[in-house]
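Welcome, and thanks for opening your viewer. Keep the selection tool handy, and we will walk through this structure one stop at a time.

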Amino acid sequence: MKRAVFLDRDGVLNIEAGYIHKLEDLNLIPGTAEAVRRLNDRQIFCCLVSNQSGPARGYYPVSHVEALHKRLCLLLKKEAGARLDALYYCPYLSEAEGGTNPEFTRYTTWRKPNTGMLVAAAWEHDLDLSNSFMVGDKATDVDMAHNAGCTGILVQTGYGESVLSGEYQHHTKPDFIAANLAAGVEWILQRFDD
């Protein structure tokens with residue numbers, strides 16, 4: 001079984017811009033592509049796991065989420081020759097949480113902080129969750145990590161700063177707080193050397 005680094009999308013890889021309606025509004029946070037490339041160079045499995053409720057809210061179709069991910073992968077490759085080994089996202093949202101599109105309005109174990117995306121990735125790619133890392137900018141990212149037995153890293157980009165300023169509504173705390181993905185990857189790589 002392989003160790004993995006799971007990455008949230010918005011606020012971790014790309015600049016937080018709310019619901020992204022135009023493809024050109026998805027832009028990488030400086031240093032992100034190089035950080036992913038460092039993981040690639042060490043043959044560490046890199047996997048996107050992201051809540052994407054736009055389709056459930058009726059904002060845009062799933063094809064738009066796929067197009068955004070295609071742009072994300074192209075930018076990573078263009079900037080640093082970096083790649084994601086797998087991409088998982090959750091387009092579903094319960095009605096209570098704001099889902100309106102019947103095709104995508106439902107409760108699902110894939111929506112963070114539930115562990116469905118991590119379990120699916122582990123099953124499909126032979127990953128060792130207990131020795132893996134999750135990097136995110138929200139409490140739900142850290143909670144999902146802990147719910148699956150992963151190490152949870154909170155970055156201060158995206159919503160990370162507001163989480164740290166007292167809006168952290170959960171009992172769990174990050175295992176590490178990083179200024180950005182590059183700093184988080186540096187910390188992760190030190191643990192791979194242990």
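Is the crossing of α1 and α7 left-handed or right-handed? It is left-handed, a term used if the near helix is turned anticlockwise from the far one by less than a right angle, with clockwise giving right-handed.

Before going on, a word on what you are viewing: this is a predicted model, in which local features need pLDDT of at least 70 and side-chain atom pairs count only at pLDDT 80 or more, while totals for chains, interfaces and linings use all residues. Residues are numbered from 1 along each chain as its sequence is written, and side-chain values use heavy atoms, leaving out hydrogens and water. Helices (H or I, at least four residues) and strands (E, at least two) are DSSP runs, numbered from the N terminus.

**Stop 1: α1 and α7**

Keep these two helices selected. Their axes come within 8 Å and cross at roughly 15 degrees; axes are lines fitted to C-alpha atoms, for helices over the stretch in contact, and angles run from 0 to 180 degrees between N-to-C directions. That makes α1 roughly parallel to α7 (under 35 degrees is roughly parallel, over 145 roughly antiparallel, 65 to 115 roughly perpendicular, and the rest oblique). Now show side chains: Thr32, Ala35, Val36, Arg38 and Leu39 of α1 meet Leu181, Ala182, Val185, Glu186 and Leu189 of α7, where contact means heavy atoms within 4.5 Å.

**Stop 2: α1 and α3**

Select Thr32, Ala33, Glu34, Val36 and Arg37 on α1, then Leu76, Glu79 and Ala80 on α3, to see the contact.

**Stop 3: the largest nonpolar core**

Which residues have the most contacts inside the largest nonpolar core? They are Val36, Leu84, Val135 and Leu181, in a core of 32 residues. A nonpolar core is a set of buried Ala, Val, Leu, Ile, Met, Phe, Trp, Tyr and Cys residues joined through side-chain atoms within 4.5 Å; buried means under 20% relative accessible area, exposed over 50%, and partly exposed in between (1.4 Å probe, protein chains only). Elements giving two or more residues to this core include β1 (4-7), β4 (133-136) and β5 (151-155), while α7 gives the most, with six residues. Apart from this core lies another, of 20 residues, including Tyr88 and Leu118.

Next, center on Val135. Among the residues that Val135 touches, not counting those up to four places away in sequence, are Val5, Leu7, Ile153, Leu181 and Ile188.

**Stop 4: helix α5**

Move to residues 139-147, which form α5. Select Asp141 in this helix: its relative accessible area is 2%, so Asp141 is buried. Leaving aside residues up to four places away in sequence, Asp141 touches Asp8, Lys112, Met134 and Gly136.

**Stop 5: backbone details**

From Lys112, step to Pro113: a cis peptide bond joins the two, with omega about 10 degrees. Pro113 sits in the loop between β3 (86-90) and α4 (116-125).

Most residues other than glycine have a negative phi, and most peptide bonds are trans. Gln43, in the loop between α1 and β2, has a positive phi near 55 degrees and is exposed, at 67% relative accessible area. Finish at Asp126, in the loop between α4 and β4, where phi is also positive, near 55 degrees; Asp126 is partly exposed, at 43%.
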